[in-house]
Amino acid sequence: MDMPGGLSGAFDDDALLPLPEPEAPDPEEIRAEAYAEGHRAGLEEAEARFATEREEIAAAHRQEIEALTAAHDARSAGLIAGKIDEMAAALAEAISQQTAVILAPLLTEAVAAKAVADMAGLIRDAVQEGEVASILVRGPASLFAVLEDRMGKDGALLRHIESPDLDLTVEIDGSVLVTRISAWAASVKKVLE
């Protein structure tokens, strides 16, 4: 039988040559490939586990920071509120002390004026009840001047002896009348301390 292209149907002896045997795989190469593949798989798994652990740690850290921030904010708010209360109390104390310092002289002056007016009324009553030759008044000149002015025409009966005391002491025929201005001033001083 003839084959096209000039090939004969007979097999040449050359055609029966054995096929070359495939090369046997190199065990070192197989080991190296297996090692590389295992290393790659292990590295990917380790990186995935590391990423998961890192995210868990970061989440726990965020929660701790939030808890610490909340505790710090609460503690700070308490401290600030306490300090504001302390400042308000100190301010109220300072204002009341300054107000007392400002008002004390005015009130003392008003008390002195009232005491002198009352004293003038008592002296007038004594003068109207009987014959009074003279009236001895001891005390500061400023209060004596106010008393003398209040007495009007009876002011001529008054004799004054200067005294460093705040009170006016009036002696009428053996009776002694005393204002209580010094007691008032002492009370105010004690309150202001």
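This is a predicted model: local features need pLDDT of at least 70, side-chain atom pairs count only at pLDDT 80 or more; totals for chains, interfaces and linings use all residues.
**Overall layout**

The protein chain contains three helices and six strands. Read from the N terminus, these elements follow the order β-β-α-β-α-β-β-β-α. Of the 193 residues in the protein chain, 16% are buried. When contacts between residues at least 6 apart in sequence are considered, 59% of them join residues at least 24 apart.

Strands β3 (residues 135-139) and β4 (residues 158-162) pair in the parallel sense, with five bridges. One of the bridges joins Val-137 to His-160 in β4.

Helix α2 has two sides that can be told apart by burial. Its buried residues are Leu-143, Phe-144, Leu-147 and Met-151. These four lie on the same side of α2 because they cover an arc of only 100° around the axis. An α-helix has 3.6 residues a turn, so residues three or four places apart point the same way. Ser-142 and Asp-149, on the other side of α2, are exposed. After α2 comes Gly-152, which has a positive phi near 65°.

**The nonpolar core**

The largest nonpolar core is made of 19 residues. Ile-123, Ile-135, Val-137, Leu-147, Leu-158 and Val-170 have the most contacts inside this core. The elements that supply two or more residues to the core are α1 (27-129), β3, α2 and β5 (169-172). Helix α1 gives the most, with seven residues. In soluble globular proteins, nonpolar side chains tend to be buried together.

Val-137 belongs both to the bridge with His-160 and to the core residues with the most contacts. Apart from neighbours within four places in sequence, Val-137 is in contact with Phe-144, Leu-147, Leu-158, Arg-159, His-160, Ile-161, Leu-168, Thr-169 and Val-170.

Phe-144 is in helix α2. Thr-179 sits in the loop between β6 (175-178) and α3 (181-192). The table gives the relative accessible area of each.

| Residue | Relative accessible area |
|---|---|
| Phe-144 | 10% |
| Thr-179 | 4% |

Phe-144 counts as buried because its relative accessible area of 10% falls under the 20% cut-off. Beyond neighbours within four places in sequence, Phe-144 is in contact with Val-137, Leu-158, Arg-159, His-160 and Leu-168. Arg-159 is 15 residues away from Phe-144 along the chain, and the C-alpha atoms of the two are separated by 9.4 Å.

Thr-179 is buried as well, since its value is 4%. Its side chain makes a polar contact of 3.2 Å with the side chain of Asp-167. The side chain of Thr-179 also reaches the backbone nitrogen of Leu-168, at 2.9 Å. Neighbours within four places in sequence aside, Thr-179 is in contact with Ala-115, Met-119, Asp-167 and Leu-168.

Leu-168 links the two descriptions: this residue is listed among the contacts of Phe-144 and among those of Thr-179. Leu-168 is also one of the contacts of Val-137.

Conventions:
Residues are numbered from 1 along each chain as its sequence is written. Side-chain values use heavy atoms; hydrogens and water are left out. Buried means under 20% relative accessible area, exposed over 50%, partly exposed in between (1.4 Å probe, protein chains only). A polar contact is a pair of N or O atoms within 3.5 Å; within protein, one must be able to donate a hydrogen and the other to accept it, and residues adjacent in sequence count only if both atoms are side-chain atoms. Contact means heavy atoms within 4.5 Å. Two strands pair if DSSP finds at least two bridges between them. The arc is that of the directions from the helix axis to the C-beta atoms. A nonpolar core is a set of buried Ala, Val, Leu, Ile, Met, Phe, Trp, Tyr and Cys residues joined through side-chain atoms within 4.5 Å.
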